[in-house]
Amino acid sequence: MSERWDAIVIGGGHNGLVAAGLLAKRGRRVVVLERRHKVGGAAITETPWGPAFKVTALSYVVSLLPRTILDELDLPRFGYKIYPQFPYFAPRRDGRYLMMCDDPARRAAQIAKFSPRDADEIVRWDAWLGRLGALLGPMLTQVPPRLGSKRPGDLLAALRVAWRFRSLDERGVGDVTRLMTMSVADLIEERFESDAVRGVLAVSGVIGTWAGPRSPGTAYVMAHHKMGDVGDGQLGSWGFPEGGMGGVTQALRRAAEALGAAIRTDAEVVKIKVADGRATGVVLAGGDELDGDAVIATTHPRITFLHHLERGDLPDDFVAAIERWKSRSGVVKLNLALDRLPELTCKPGFDPEVHGGTIVLAESLDDLERAFQDAVAGSPAELPFADICIPSVFDATLAPPGKHVMSMFTQWVPHGFAAAPHTAELEAYADRLIARIEHLAPGFTSSILHRQIIGPHEMQTTYGLIGGNIFHGELSASQLFHMRPAPGYADFTTPIRGLYQASSATHGGGGVTGIPALQAVRRLLRDS
Ligand SMILES: Cc1cc2nc3c(=O)[nH]c(=O)nc-3n(C[C@H](O)[C@H](O)[C@H](O)COP(=O)(O)OP(=O)(O)OC[C@H]3O[C@@H](n4cnc5c(N)ncnc54)[C@H](O)[C@@H]3O)c2cc1C
């Protein structure tokens with residue numbers, strides 16, 4: 001017995017939910033099929049130790065959700081609420097610290113503690129990045145053209161992209177080229193001299209990436225994360241959602257359901273049905289079948305194209321591109337429940353900008369590179385880098401009064417850890433991180449009530465993040481724009497008619513952006 005839908009969405013992560021909401025708003029009968037017992041995907045809040053503590057299990061900060069999505073789905077009405085992110089606070093082993101305050105005068109004073117020259121340079125750096133961000137940021141919400149195609153429509157689309165760059169002179173083109181190709185270390189070392197500033201600035205170049213700061217291409221990763229700061233009316237700035245990242249996906253779920261979308265959990269798709277080169281529906285584990293005029297896949301491209309389809313349904317070169325798709329990270333998420341807030345020796349007492357902000361453990365470029373090289377050589381980093389927040393400081397929904405939850409995004413373990421649990425190594429890695437904080441905040445270890453370690457294997461098996469990559473695929477130059485996820489198919493279509501793709505492995509993805517879903521829905525509506 002099979003049922004019929006206008007559109008079937010595979011995967012209940014944020015992209016699947018955005019797609020369902022937008023389609024339901026246009027009167028389409030749409031169903032979301034999610035393999036797990038709850039929706040959210042990598043944007044999820046879990047309760048690993050019972051209901052008292054809620055942890056933002058994987059992702060933790062939101063930025064790139066376009067205004068269009070917030071408005072069309074009326075998300076604030078369904079519980080979407082964002083607390084602004086305070087600046088980075090970087091404590092150091094030698095007892096000093098660097099706080100990258102938003103206020104220019106305060107930030108200059110902070111940086112001048114390490115280098116007066118760097119304090120001047122940061123102003124030029126911000127202006128330079130701001131200019132490039134204003135140019136490149138809007139491209140995140142554009143559909144990449146089919147570069148290489150000789151069809152008139154595709155040639156016109158390519159020309160439109162080239163037209164975007166008309167404001168650039170030779171020097172500007174040089175800047176963009178450098179940003180797209182250089183290592184973040186080379187870029188930063190040209191301008192800044194102090195370890196402290198170099199370390200903090202390099203972090204956004206390596207977040208979620210299987211690359212150290214000295215790897216070419218990491219300058220772009222930094223720019224990608226900076227696009228959240230563009231504030232051009234399209235994309236917002238970084239912030240923490242109330243209720244953790246599950247707060248975002250629960251609001252999306254409520255909005256989609258209110259608009260009439262059906263959402264089914266414990267509904268694992270095992271096959272996409274194809275007839276005469278056209279997607280006709282899906283088969284669920286257990287054998288139930290659903291028929292649909294269109295299917296939107298938000299699963300990792302390896303799941304969609306190599307598991308859910310027959311090879312014979314796809315062109316060989318497309319299959320080869322998906323097989324080549326790089327999806328490594330070496331990220332480990334460590335979530336803790338705390339009996340009290342940590343007190344940092346370098347800044348005693350409670351400070352909302354510190355405890356309610358983002359604490360980063362990255363004292364220098366060399367520390368970061370060494371951590372990556374440890375993992376390349378086959379061992380978890382001896383001195384892991386970490387991006388830490390304690391959202392319960394400003395969000396009372398997450399922990400009982402006086403208690404807290406801490407989210408630690410850390411790198412690196414070998415990417416091969418995706419193949420097996422490696423429990424003992426991950427426990428030892430977590431111990432080292434905790435010891436590092438203990439050194440900065442004596443008494444920290446004894447404040448830990450519970451801990452949860454999510455390594456690459458669990459990301460792959462529980463959350464469907466194949467290879468452990470946090471973005472469904474690396475943000476390297478070879479996997480961006482017209483290449484994401486395969487040449488000729490960066491426009492949210494696939495080689496199968498009626499099958500659209502909207503995972504983070506498509507352009508605009510790589511983070512909780514909803515842009516892939518927005519684009520896939522637009523394309524589907526145009527085609528139907
Ligand atoms: C540790 C970590 C930290 C991160 N931090 C941030 C951050 O702070 N900010 C940010 O913007 N981004 C962050 N990211 C990235 C971001 O979370 C992801 O890019 C984004 O959530 C992916 O959304 P998606 O909807 O494309 O895919 P997913 O969220 O992966 O959703 C896909 C869904 O498909 C389901 N599924 C899989 N197989 C099947 C099947 N056969 N049938 C049905 N359903 C299936 C999965 O269970 C999943 O729910 C982080 C990611 C990780 C892992």
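Let me start at Ala-196, which sits in helix H8, residues 195-206. Keep in mind that this is a predicted model. Is Ala-196 buried or exposed? Ala-196 has 24 other C-beta atoms within 10 Å, so it counts as buried; the cut-off for that is 20 or more.

Which residues does Ala-196 touch, leaving aside its neighbours within four places in sequence? The contacts are Ala-90, Arg-92, Leu-98, Phe-114 and Glu-363. There is also a distance to give here. Ile-111 is 85 residues from Ala-196 along the chain, and their C-alpha atoms are separated by 8.4 Å.

Next, the sheet. Seven strands make up an open sheet, and the order is E7-E6-E14-E15-E16-E13-E17. The pairing is mixed. Which strands stand at the edges? They are E7, residues 97-99, and E17, residues 448-454. Each has a single partner strand, so one side of each is left without a neighbour in the sheet. On average, neighbouring strands of this sheet are turned by 20° against each other, direction ignored.

Strand E6, residues 88-91, runs parallel to strand E14, residues 358-361, and two bridges join them. In that pair, Tyr-88 stands opposite Thr-358 of E14.

Moving along the sheet, E14 and E15 run antiparallel and are joined by four bridges. Leu-361 has Ala-386 in E15 as its bridge partner. On to the following pair: E15 and E16, the latter being residues 404-411, are also antiparallel, with five bridges between them. There, Ile-388 has Met-408 in E16 as its bridge partner.

How many residues of E15 are buried? The strand covers residues 385-389, and five of its five residues are buried. Both faces of E15 are covered. On one side we find Phe-385, Asp-387 and Cys-389, and on the other Ala-386 and Ile-388. Two of these have come up already as bridge partners: Ala-386 with Leu-361, and Ile-388 with Met-408.

Last, the ligand. It is surrounded by 40 residues, and the closest are Gly-11, Gly-13, Gly-41, Ser-59 and Gly-511. What classes make up this shell? It has 18 nonpolar, 17 polar and five charged residues.

Which domains supply the shell? Domain 1 and domain 3 each give at least three residues. Turning to individual elements, helix H1, residues 14-25, and strand E13, residues 331-338, each supply at least two. The largest share is from H1, with three residues. E13 has a place in the sheet as well, between E16 and E17 in the strand order.

Definitions and conventions: Residues numbered from 1 in each chain as written. Predicted model: local features only at pLDDT ≥ 70, side-chain atom pairs only at ≥ 80, totals over all residues. Near = placed C-beta within 6 Å. Nonpolar A, V, L, I, M, F, W, Y, C, P; charged D, E, K, R; others polar. Domains from an automatic or database assignment. Pairing = 2+ DSSP bridges. Axes fitted to C-alpha atoms, helices over the stretch in contact; angles between N-to-C directions. Buried ≥ 20, exposed ≤ 12 C-beta atoms within 10 Å, placed from the backbone. Contact = placed C-beta atoms within 7 Å.
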